[in-house]
Amino acid sequence: MSAQPVVWRERSLHWHAYSWRGDGKRLGDSAARRSAAEDIVPFALKDWLLKPARLVRAAPTTPEEALHWLREQFGLCAPAMQPVSQRSFVSDADRFGRALYELRCGNDLSWGFWLTNGLFQALSPITVDAQACPAHAAAVVPVQDVARVTGNATSHTGSSAPAASQSAK
């Protein structure tokens, strides 16, 4: 068996996990998606990091923690996926195995799923350099402590539903 990538460790990375659920029609609002002030999924993945800290749903410190968050969020939105084939067009072993590999390589991930009633769900763990992260300047913060660091009392740690933006602009 080949060795697992450790790029994330070599580069002192952790992740900020973001989720957005909202009216899929908003994805066509280019101005909102380019704005750091809007909660909608941005065009460029790294632009999540320009958004307010209150949008960080978890701060995994290992690829396995980031995968755990993704797995839980996927499980929460899967029952609402439309078409339902989004749940199984890739096996869970491939879906989560590839995600873990990418996370270990220090890559960002972006998953998106169409849900019932025209809603769209985005799940995005984004890599952050631990030394450059203002929320983690003193030390990398475990997932369960992200609400304290970011001041987000409603921050998710992967055990609750994905964040929802119910704006129907």
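**Getting to know helices H3 and H4**

Colleague: In this predicted model, which hand does the crossing of H3 and H4 have?

Modeller: Happy to start there. The two axes come within 9 Å and cross at roughly 145°. As for its hand, the crossing of H3 and H4 is right-handed.

Colleague: How many residues of the contact of H3 with H4 are charged?

Modeller: Let's look at who takes part. H3 brings residues including Leu 67, Leu 70, Arg 71 and Phe 74, and H4 brings others, among them Asp 92, Phe 96 and Leu 100. Sorting the contact residues gives 9 nonpolar and no polar, and the number that are charged is 5.

Colleague: Where on H4 do the buried residues sit?

Modeller: The buried residues of H4 are Arg 95, Phe 96, Ala 99, Leu 100, Leu 103 and Arg 104. Because they cover an arc of only 155° around the axis, they lie on the same side of H4.

Colleague: And which exposed residues does the face turned away from the buried side of H4 carry?

Modeller: The buried side has cover that includes helix H1, strand E1, H3, strand E2 and strand E3. The face turned away from that side carries the exposed residues Ala 93 and Arg 98.

Colleague: Back to H3: is Gln 73 buried or exposed?

Modeller: Gln 73 belongs to helix H3, which runs over residues 63–77. A residue counts as buried when its relative accessible area is under 20%. Gln 73 has a relative accessible area of 1%, so this residue is buried.

Key. Residues are numbered from 1 along each chain as its sequence is written. This is a predicted model: local features need pLDDT of at least 70, side-chain atom pairs count only at pLDDT 80 or more; totals for chains, interfaces and linings use all residues. Side-chain values use heavy atoms; hydrogens and water are left out. Helices (H or I, at least four residues) and strands (E, at least two) are DSSP runs, numbered from the N terminus. Buried means under 20% relative accessible area, exposed over 50%, partly exposed in between (1.4 Å probe, protein chains only). Axes are lines fitted to C-alpha atoms, for helices over the stretch in contact, and angles run from 0 to 180 degrees between N-to-C directions. A crossing is left-handed if the near helix is turned anticlockwise from the far one by less than a right angle, and right-handed if clockwise. Contact means heavy atoms within 4.5 Å. Ala, Val, Leu, Ile, Met, Phe, Trp, Tyr, Cys and Pro count as nonpolar, Asp, Glu, Lys and Arg as charged, and the others, Gly among them, as polar. The arc is that of the directions from the helix axis to the C-beta atoms.
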